[in-house]
Amino acid sequence: MKPTDFAKYLTDFLSAYLPTQKNVSKNTIYSYRDTFKLLINYCQDMKAISVERITLHNLSSELIIDFLAWLETDRKCSISTRNQRLAAIHSFFRYVQAEEPAGIFYYQKIAAIPIKKTQKTMVEYLRPEAIKLLLEQPDKHTPKGRRDITLISLLYDSGARVQEVCDIKVCDVTLQAPALSSY
């Protein structure tokens with residue numbers, strides 16, 4: 001592998017593949033970019049590999065596993081953050097497999113690094129007393145109070161996200177039976 005192969009593929013991945021072929025959001029691209037900034041810093045600081053000397057060949061599955069452990073232990077990242085960084089690395093090496101099939105065995109070893117299981121937190125719900133207290137807060141005798149109680153009721157009854165409620169337009173509301181969603 002040439003010393004410039006990593007730089008070329010990373011540049012193409014972040015500036016062409018992700019935005020045009022995969023059509024991912026800018027935030028996803030920034031997140032992936034940050035992952036590789038951390039990986040480059042790790043290679044320089046912990047492995048004494050200067051950025052100019054980083055190649056696809058020296059980005060082995062062992063180095064990536066060490067990098068993930070470093071994220072958790074030295075940087076005190078959560079398992080979720082570690083998994084997100086690994087997802088970015090997986091995506092990059094799946095891209096590289098198609099572009100540079102000569103190293104497919106090594107890239108598949110990296111793509112095979114498993115995501116760690118995390119503890120799933122239970123979503124808490126509001127008890128009936130809490131809902132009652134919440135619905136008593138707006139002043140029902142003012143237009144803003146009636147608006148607020150309507151929004152709170154809509155959010156609670158529908159289970160919709162705030163953004164979904166914000167996106168509702170007048171034309172989306174059907175007052176005749178049967179009430180159907182226009183989505």
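Arg33 is partly exposed, with a relative accessible area of 34%, and its side chain meets that of Asp34 in a salt bridge with an N to O distance of 3.0 Å. The model is a predicted one, and it holds eight salt bridges.

**Salt bridges**

- Asp34, the partner of Arg33, is also partly exposed, at 25% relative accessible area.
- Asp66 forms a salt bridge with Lys47, in which the closest N and O atoms are 3.3 Å apart. This pair links distant parts of the chain, since Asp66 belongs to helix H3 and Lys47 to helix H2, 19 residues apart.
- Asp66 has a relative accessible area of 35% and is partly exposed; Lys47, at 34%, likewise counts as partly exposed.
- The side chains of Lys116 and Glu72 meet in a salt bridge of 2.9 Å, N to O. Lys116 lies in the loop between helix H5 (104-111) and helix H6 (128-136), whereas Glu72 is in helix H3, so the pair ties together parts that are 44 residues apart in sequence.

**Packing of helices H2 and H3**

- Helix H2 (residues 26-47) packs against helix H3 (residues 61-73) at an angle of about 100°, and their axes are 11 Å apart. The two helices are therefore roughly perpendicular to each other, because angles of 65 to 115 degrees are classed in this way.
- On the H2 side, the contact is made by Thr35, Leu38, Leu39, Tyr42, Cys43, Met46 and Lys47. H3 contributes Leu63, Ile64, Asp66, Phe67, Trp70 and Leu71.
- The contact residues include Asp66 and Lys47, which also form a salt bridge with each other.

**Surroundings of Ile29**

- Ile29 is located in helix H2 and is buried, with a relative accessible area of 14%.
- Not counting residues up to four places away in sequence, Ile29 touches Leu14, Leu18, Pro19 and Val24.
- The C-alpha atoms of Ile29 and Ser15 are separated by 8.6 Å, the two residues being 14 residues apart along the chain.

**Nonpolar surface patch**

- Leu151, Leu154, Ile168, Val173 and Leu175 make a nonpolar surface patch of about 460 Å².
- Leu175, one of the patch residues, is placed in the segment after helix H8 (162-166). Leu175 is exposed, with a relative accessible area of 78%.

Technical notes
Residues are numbered from 1 along each chain as its sequence is written. This is a predicted model: local features need pLDDT of at least 70, side-chain atom pairs count only at pLDDT 80 or more; totals for chains, interfaces and linings use all residues. Side-chain values use heavy atoms; hydrogens and water are left out. Patches are made of residues with over 30% relative accessible area and no salt bridge: like charges are joined within 9 Å, nonpolar side chains (Val, Leu, Ile, Met, Phe, Trp, Tyr) within 5 Å. Accessible areas come from the Shrake-Rupley method with a 1.4 Å probe; for residues, only the protein chains shown count as cover. A salt bridge is a side-chain nitrogen of Lys or Arg within 4 Å of a carboxyl oxygen of Asp or Glu. Helices (H or I, at least four residues) and strands (E, at least two) are DSSP runs, numbered from the N terminus. Buried means under 20% relative accessible area, exposed over 50%, partly exposed in between (1.4 Å probe, protein chains only). Axes are lines fitted to C-alpha atoms, for helices over the stretch in contact, and angles run from 0 to 180 degrees between N-to-C directions. Angles under 35 degrees count as roughly parallel, over 145 as roughly antiparallel, 65 to 115 as roughly perpendicular and the rest as oblique. Contact means heavy atoms within 4.5 Å.
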